[in-house]
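Please look over the sequence and the model before reading on.

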Amino acid sequence: MANYSTKEEIKALAEKENVRFLRLMFTDILGRIKNVEVPISQLDKVLDNKMMFDGSSIEGFVRIEESDMYLYPDLSTWMIFPWESEKGKVARLICDVHGTDGKPFAGDPRSNLKRIMKEMEDLGFTGFNIGPEPEFFLFKLDENGNATKKLNDQGGYFDYAPVDLGENCRRDIVLELESLGFEVEASHHECAPGQHEIDFKYADAIEACDNIQTFELVVRTIARKHGLHATFMPKPLHGIAGSGMHINMSLFNDKGNAFFDENGEDQLSQTAYHFLGGLLEHARGYTAVCNPIVNSYKRLVPGYEAPVYVAWSGKNRSPLVRVPSSRGLSTRLELRSVDPTANPYLAMAVLLQAGLDGIKRKIEPPKAVDRNIYVMTEEEREAAHITDLPSTLHNAVKAMREDDIVKEALGSHIFNNFIEAKRMEWDAYRQSVSEWEREQYLEMY
């Protein structure tokens with residue numbers, strides 16, 4: 001990514017590129033991108049951290065009587081969108097949210113992740129690198145521009161045109177991402193019809209989360225230009241694989257990748273094993289954050305390569321955590337449960353805090369499980385100390401309430417507001433009557 005670090009550089013570029021509007025972006029507690037759009041005449045005010053907005057209108061932020069908040073732009077996130085140039089171009093800056101006292105707002109997910117990163121640095125680490133693998137579905141739009149349930153193709157894993165009819169759209173997404181500074185490492189059709197994956201190069205946690213938010217915006221924008229609706233819903237259709245966002249992670253220190261040890265068991269360091277131990281110990285506690293909607297749990301079922309059990313392996317893909325075979329600088333742990341509806345800033349905060357807890361307490365992970373867990377009996381799973389992930393959002397929130405490390409990772413403001421939002425979501429779902437229930441019970445009873 002291009003890195004603009006001074007106000008003067010940004011002002012010069014805005015004038016040179018005929019930027020007419022600024023989009024000041026931030027993320028609410030539920031992970032939704034919010035923005036305040038202002039004309040370029042406000043650029044000086046923006047760059048001086050004097051742009052105010054009403055925080056009471058944002059989910060989980062503040063009450064009306066304490067609503068004034070300031071947007072502090074991160075100058076390194078300056079980006080000009082290439083697709084909105086009819087009346088002059090639109091540029092964006094990703095912002096942290098601060099209160100009127102000038103301090104970071106406790107309910108801002110991005111500022112909160114920075115807080116956990118500071119804890120990581122205090123333990124002697126220099127970076128937490130994240131490589132995300134987001135998946136999405138492409139559905140056709142109807143004549144009114146509304147999403148239908150019709151997939152745009154019947155392709156499968158690594159298929160190509162003419163079976164993969166989303167190839168042109170996916171190629172345009174990749175070209176758009178590259179023009180914005182992304183280094184795209186892979187792009188392919190996933191195993192389900194209409195499902196796609198685009199992987200981009202790892203980055204430090206804050207930048208990686210910014211990239212995820214930008215990625216979703218680009219994907220939706222380009223898909224619509226192709227007459228398609230891109231959805232990151234984890235399980236939009238019954239009977240086919242759902243969409244995940246596997247997270248590859250590694251800690252770095254002054255010597256390089258802290259997860260690599262040439263002389264360690266499997267060339268993994270004690271730091272890697274302890275981080276892994278923390279990830280497994282707190283897995284049930286952070287699931288509500290990494291899989292935050294009712295629909296997330298329709299994906300976390302046996303039979304579709306999504307993890308259901310708390311275990312790890314270097315060989316098979318049924319456990320929660322896999323250790324890819326790459327070593328050296330590429331040594332990493334891959335968490336397979338996360339889905340793309342997760343607020344990336346909150347997800348990285350809880351995952352990092354869980355891993356750091358493992359390092360602080362020297363949590364030893366159980367033995368690797370190198371056989372297919374889906375075919376093991378319940379007795380065999382118990383003997384191997386394999387537990388289940390929560391099966392519903394309700395159960396995940398209950399587990400989250402009981403995990404002090406997850407609470408610590410989010411801070412009380414975000415934790416309490418997140419819990420309340422999810423309680424309301426579950427209550428609304430619990431009171432709805434589905435088509436499945438009518439088909440099963442209407443005539444029978």
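Which backbone nitrogen lies 2.8 Å from a polar atom of the side chain of Glu135? In this predicted model, the backbone nitrogen in question belongs to Gly244.

Glu135 forms part of strand 7, which covers residues 127-141. A UniProt record, an unreviewed entry, places the feature "binding site" at Glu135. The relative accessibility of Glu135 is 8%, and this residue therefore counts as buried, since the cut-off for buried is under 20%.

Beyond its neighbours within four places in sequence, Glu135 is in contact with Gly242, Ser243 and Gly244, among others. Its contacts also include Glu190, Gln195, His196 and Glu197, as well as Phe232 and Pro340.

Strand 9 (residues 184-189) and strand 10 (residues 195-200) run antiparallel and are joined by 5 bridges. Within this pairing, Ala186 of strand 9 stands opposite Asp199 in strand 10.

The hairpin has 5 residues between the strands, and Gly194 adopts a positive phi near 75° there.

The chain is divided into domain 1, residues 7-105, and domain 2, residues 115-436. The contact involves 19 residues from domain 1 and 20 residues from domain 2. Taken over C-alpha atoms, the centres of the two domains are 28 Å apart.

Between them, domain 1 and domain 2 bury about 1,600 Å², with 67% of this area on carbon and sulfur atoms. On the side of domain 1, the residues that lose the most area to domain 2 are Ile29, Leu30 and Trp83, which together account for 38% of what that side buries.

Definitions and conventions
Residues are numbered from 1 along each chain as its sequence is written. This is a predicted model: local features need pLDDT of at least 70, side-chain atom pairs count only at pLDDT 80 or more; totals for chains, interfaces and linings use all residues. Side-chain values use heavy atoms; hydrogens and water are left out. Two strands pair if DSSP finds at least two bridges between them. Helices (H or I, at least four residues) and strands (E, at least two) are DSSP runs, numbered from the N terminus. UniProt positions are given in the numbering used here, feature names are shortened, and annotations may be inferred rather than shown by experiment. Buried means under 20% relative accessible area, exposed over 50%, partly exposed in between (1.4 Å probe, protein chains only). Contact means heavy atoms within 4.5 Å. A polar contact is a pair of N or O atoms within 3.5 Å; within protein, one must be able to donate a hydrogen and the other to accept it, and residues adjacent in sequence count only if both atoms are side-chain atoms. Domain bounds come from an automatic or database domain assignment. Buried area is the accessible area (1.4 Å probe) that two parts lose on being put together, summed over both.
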